[in-house]
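Please read them alongside the coordinates.

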Amino acid sequence: MIELEQVSYSYGEGELLSDISISLTPGSFHFLTGPSGAGKTTFLKLCYGELLPTAGHVRLFDRDVRSLARDDIAEMRRRIGVVHQDCQFLDHLPIADNIALPLTVAGHSVHDDQSNLTELMSWVGLRARAYALPPELSGGERQRAALARAVIMSPDVILADEPTGNLDWEMSQRLLQLLVELNKMGKTVVIATHDLALIRAAKGQVQARVLRIANRHLTVGADL
Amino acid sequence: MKQFELSHVMDFIIGDAQAERAVPPTGFTARLTLFAAAVMAFLAVFALALSVSAGRLSERWSAELAQSATLRISAPVGQMQAQTDAALGVLETTPGIASARVLSDDEQRALLEPWFGPDVPLESLPIPRLIEIVEADIGFDAEGLRLRLVAEAPGAVLDDHTRWRKPLAAAASRLWFLGWLSIVLIFAVMGAMITLAANAALAANAKVISVMRLVGAKDSYIANAFVRRFTLRTITGAAVGMVIGAIAVVLLPSAQEEGFLSDLGFAGAGWLWPLIIPIVAGVVAFLATQAAARGTLKELR
């Protein structure tokens, strides 16, 4: 599904990631840990084609990312839902329109998918906030909205970058449960986090693997 | 094939309301584009009026002067009538001349009036006799006629208006060219201003572009949202400027004397010319914004 083979990535002179190889198989669940600045976000960006490796190969759905045109990457993005730590919304649009944005840009009629959208908003507990603008939402609401937007196209993979970074414990638990539910539906999930308590909380809920990035290298830990 | 292309144009005009909403309204660039398009279209109307009028005047002057010539007979009083009759005889037998007639004393007096006043004593002045020649469509051989006149009426001098016609036609032709050059420059400046406004809008919306790409938007989709907006704004601004310009041309004060200024404007079907201005402005805006969007999106890769 997503495969990194001897991947390195450098920002200018400094190498951030070195010789990373991993395959994210369908239906798998991964926690990506490591100290701040270790390269977790860069790893995720490599996984959805935002960055190209400076060495090695990244294959998205069996296609080398280097061979993909910009439009091909856009097509791939529709199969990969991304949840950013800062959510990245269009602040002038109501949250329902933000959540429906992947449908819009893919040429789907939001009207046709209205029931799905309503259902999805109920699932993340935002139905009553459909017409609120993103700046009017709390941190937890924004994270849940970002998750809803990431899954509205029913992607094969969900990459979440510090999705609980700004949330209290209760809200973090709720978001984790949503991601676990998605995994049980067969989605591949990768959560980048430095919150070890969250990883411990997942134990027993899902069979997850812990990946750790430190000193430019990725190590694969034991299953939870 | 034509239907396919037409459907693309219709899709572009109708647009995608959802895509439109994804790009936030930008007040400054919107006003700048509207204003620049309106001003440029206003100027384009005048340049167009100048060019069309110059073209029309050039044709008219050429046609009027080309169809007539003047024969001037300067001879001693005793020989004047004889040389006039001889010259008329030559003209009557010259192919390409439709008619020739001697100007009456009143007509000659009217010609001299601007210089000598209304009471010119023609009888007491050694004024040459003038013969007005009207050409047939096939025209006549001026050089051949001059040679014949030398023999038959030595005091006759043929003026076929060439020395008047050439500089007038050249001046009108240059005005026509300058008018069109001005139109080209106006649209070039319009394109440059729209490019600047589009670049400003794209730069201001870098986050929007980033979010749209994150959720799987293709560059063509993102570009279209900007291109359509700028194109429609430009067409709207240019239409307003064109209408105001056309009204200003209508309201130009008309001179009593017939001349270039009294002729500045459009006539008949020529009033359709200004309608092309918003269309050309739309095409310029489309191409300028497309180029700006492609460049910016490529840089943001």
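1. Arg216(A) and Glu15(A) form a salt bridge, with 2.8 Å between the closest N and O atoms. Since Arg216(A) sits in the loop between β9 (209–214) and β10 (217–223) of chain A and Glu15(A) in strand β2, the pair ties together parts 201 residues apart in sequence. Arg216(A) is partly exposed at 36% relative accessible area, and Glu15(A) is partly exposed at 33%. The model is a predicted one.

2. Over all chains there are 15 salt bridges. In chain B, Arg146(B) pairs with Glu143(B), the closest N and O atoms lying 2.7 Å apart. Both residues belong to helix α6 (residues 142–152) of chain B, 3 residues apart, or about one turn of the helix. Glu143(B) counts as exposed, at 51% relative accessibility, whereas Arg146(B) is partly exposed at 26%.

3. In chain A, Arg78(A) bridges to Glu75(A), with 3.8 Å between the closest N and O atoms. Arg78(A) counts as buried, at 14% relative accessibility; Glu75(A) is partly exposed at 35%. Glu3(A), Glu5(A) and Arg59(A) are linked in a salt-bridge network.

4. The largest nonpolar core has 47 residues, of which Met212(B) and Ile277(B) touch the most other members. Elements giving two or more residues to this core include α3 (95–105) of chain A and α10 (276–299) of chain B. Apart from this core lies another, of 43 residues, among them Ala148(A) and Ala208(A).

5. Trp176(B), Phe177(B), Leu178(B), Leu181(B) and Leu185(B) make up a nonpolar surface patch with about 480 Å² of accessible area together. Leu178(B), in helix α7 of chain B, is partly exposed at 41%.

Methods
Residues numbered from 1 in each chain as written. Chains lettered and ligands numbered in written order. Predicted model: local features only at pLDDT ≥ 70, side-chain atom pairs only at ≥ 80, totals over all residues. Heavy atoms only, no water. Core = buried A, V, L, I, M, F, W, Y, C linked by side-chain atoms within 4.5 Å. Buried < 20%, exposed > 50% of the residue type's maximum accessible area, 1.4 Å probe, protein only. Helix = DSSP H or I, 4+ residues; strand = E, 2+ residues; numbered from the N terminus. Patch = residues over 30% accessible without salt bridge, like charges linked within 9 Å, V, L, I, M, F, W, Y side chains within 5 Å. Areas by Shrake-Rupley, 256 points an atom, 1.4 Å probe, with all protein chains shown as cover. Salt bridge = Lys/Arg side-chain N within 4 Å of Asp/Glu carboxyl O.
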